[in-house]
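Thanks for coming, everyone. Please look at the model on the screen, and I'll walk you through a few parts of it.

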Amino acid sequence: MDNMLESLSQCGKRVEVATKRAEAIADSVWHHLRMSPSLTEAAMARINQGTKVLTGGGKEKVFQQEFENLAGEKLLHSYACYLSTSHGPVIGMLYISNKRLAFCSDFCHYLSPGNPNFMYYKVVVQLDQLRTANPSANRWKPSEKYIHIVTRDGYEFWFMGFISYDKALKNLSQALQISQN
């Protein structure tokens, strides 16, 4: 009887841990989708990105197509997120390679009001040109977490709305640390 109670207790603890993880993932996905001015746009961006990865031969190939590949460069990680701009958040993918950090928006945007030309938002920074990658959170909404990037020449970029914020921060910090050694 004691063994059965112990087994049930362990099973209950596992269910509790799994439930907490599922809640955290659901919160992250909801926060990611909510960051967009349009829930439909955010969902379509994720579908488009998934389709691009499937038809393009994987994340590594998509990265190479979006950004010319450097000699010896290897994609380490990629994350769906938003780049904060003066026009509002721009949905896209943040790529971390062994040589650089790169962001590309999922959709084209107008260059400026009245200008008929479209462009993708792209940010590319060599890892050895990064000064810091700092975690940050909204004081009034702690679930809104950001990664603040500062380059050696003083440019700043804010990335937000990560589905996997902790992993993105950890992997970016590791890549930055390796590049500085």
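A hairpin first: β6 and β7 form it, with four residues between them. In the turn, G154 has a positive phi of about 90 degrees. Strands here are DSSP E runs of at least two residues, and helices are H or I runs of at least four, numbered from the N terminus.

Keep in mind that this is a predicted model: local features need pLDDT of at least 70, side-chain atom pairs count only at pLDDT 80 or more, and totals for chains, interfaces and linings use all residues. Residues are numbered from 1 along each chain as its sequence is written, and side-chain values use heavy atoms, with hydrogens and water left out.

Back to the strands. Two strands pair if DSSP finds at least two bridges between them. β6 and β7 (residues 156-160) are antiparallel, over five bridges. Y146 has M160 in β7 as its bridge partner. β5 (residues 130-137) also pairs with β6 in the antiparallel sense, over seven bridges. There, L130 stands opposite T151 of β6.

Why is β6 (residues 145-151) largely enclosed by the rest of the structure? Because six of its seven residues are buried. Buried means under 20% relative accessible area, exposed means over 50%, and partly exposed lies in between (1.4 Å probe, protein chains only).

Now helix α4, residues 165-180. It has 16 residues. Which of them are buried? Y165, A168, L169, N171, L172, A175 and L176.

Last, helix α1, residues 2-35, where L5 sits. L5 counts as partly exposed because its relative accessibility is 49%.

Technical notes
The expected span of a helix is 1.5 Å times one less than its number of residues.
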